[in-house]
Amino acid sequence: KDLRHHLARQHARFAAADSPLFEGEQGSQLRSRWLQSIYQHIRFASDNYSRYSSADNHLIGEAAGVFVAAHTWDRWEETRRLRAQAKSILEREAVRQFSADGVNLEQATCYHKFTLQFLLAAGLCGRANGEDFSAAYWSTIESALTFLASLMDCRGQVPAIGDADDGEVWCLAHDSDFDSYRSLVAIGAALFRRTDLSAKARSSGVGNDGQLPWLGLGAPPLYGKGTANDLPRSFPQGGYIVVGEALDTPREFRVTFDCGALGYNRIAGHGHADALAVLVSWEGDPLLVDAGTYCYNAAPEWRRFFRST
């Protein structure tokens, strides 16, 4: 708490228009160059949207960056127009890139998380600035968070299906046991007041997630009708089915079938090249796994091996 207050004071000191950092002729020049750089960043991203083979998480990330930046530095009429364009892209792509039951169509666990973080960042920014997104946008986010919770085992682990580059849109907590997947479930519980998501987060080792205060969210609800056992197990549009015994308890036996499409867009770049992955775990210990792609760039031979059929 003290660290957050300290950082807030430092941010106010350096980010305010009347910051000591911008005093004098040199400070004035620094401020001018800094603002021009911000404007150019917004323009570069919006002028070069990924519209073709990479019109997937790349496009959502670019639009989220433009939207948040144009709100943070609301100084230019041109960037207000670009902000409206970015919001339109996010509204469209959120529904396009996620199935109706909440599965990111790139068919990769990491990119499900990554894209979801972008959508949340833009959505929370818009809501804080009086420019909220549509009900369909928030429904997509809620469904995606629900799927993530359903995919998670009793220890809060998710299978490494598909490609992964460990990308994070934010990382606002640094505890030794922090996990961004479990944190997202806690965020979903707090944001949508879902006791089933809250129960899943608690059973997976998340008490009061450290990222919630930074995002302006209260604690997840503790009491209510929903439990972790009420989470859906079948995702026919996205292509996943979870079966087992004693699910969401320490004694669970879990089998996950990945029976969806190979991935999103023409190249399906992040989907694992499988034709039916079966994942099995018992009490959170993986017995049969889909290794995803093992790594992103550090060991190209192993990457090619795991991406093969």
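User: How many salt bridges does the structure hold?
Analyst: The structure holds 19 salt bridges, a salt bridge being a side-chain nitrogen of Lys or Arg within 4 Å of a carboxyl oxygen of Asp or Glu. This is a predicted model, in which local features need pLDDT of at least 70 and side-chain atom pairs count only at pLDDT 80 or more, while totals for chains, interfaces and linings use all residues. Residues are numbered from 1 along each chain as its sequence is written, and side-chain values use heavy atoms, with hydrogens and water left out.

User: Which residue does Arg-43 pair with?
Analyst: Arg-43 forms a salt bridge with Asp-47, with 3.0 Å between the closest N and O atoms. Both residues lie in helix α2 (residues 24-47), four residues apart, which is about one turn of the helix; helices here are DSSP runs of H or I with at least four residues, strands are E runs of at least two, and both are numbered from the N terminus.

User: And are Asp-196 and Arg-194 buried or exposed?
Analyst: Both are buried, where buried means under 20% relative accessible area, exposed over 50%, and partly exposed in between, using a 1.4 Å probe and protein chains only. Asp-196 and Arg-194 form a salt bridge, the closest N and O atoms being 2.8 Å apart. Arg-254 and Asp-248 also meet in a salt bridge, at 3.4 Å from N to O, and these two residues are buried as well.

User: Which residues are linked in a network of salt bridges?
Analyst: The network links Asp-74, Glu-77, Arg-80, Arg-83 and Glu-131.

User: Switching to the inside, what's the volume of the largest cavity?
Analyst: The largest cavity has a volume of about 60 Å³, where a cavity is a set of points on a 1 Å grid over the protein atoms alone at which a 1.4 Å probe fits but cannot get out. Grid points are joined across faces, edges and corners, and the volume is the space filled by probe spheres set on the points.

User: Which residues line it?
Analyst: The lining, meaning residues with an atom within 4 Å of a point, consists of Val-103, Asn-104, Gln-107, Ala-108, Thr-109, His-112, Phe-147, Leu-151 and Tyr-240. The elements that give two or more residues to this lining are α5 (109-128) and α6 (135-151).

Terms used. 1 Å grid on protein atoms, 1.4 Å probe; cavity = no way out; pocket = protein on both sides within 12 Å on 5 of 7 lines; lining within 4 Å.
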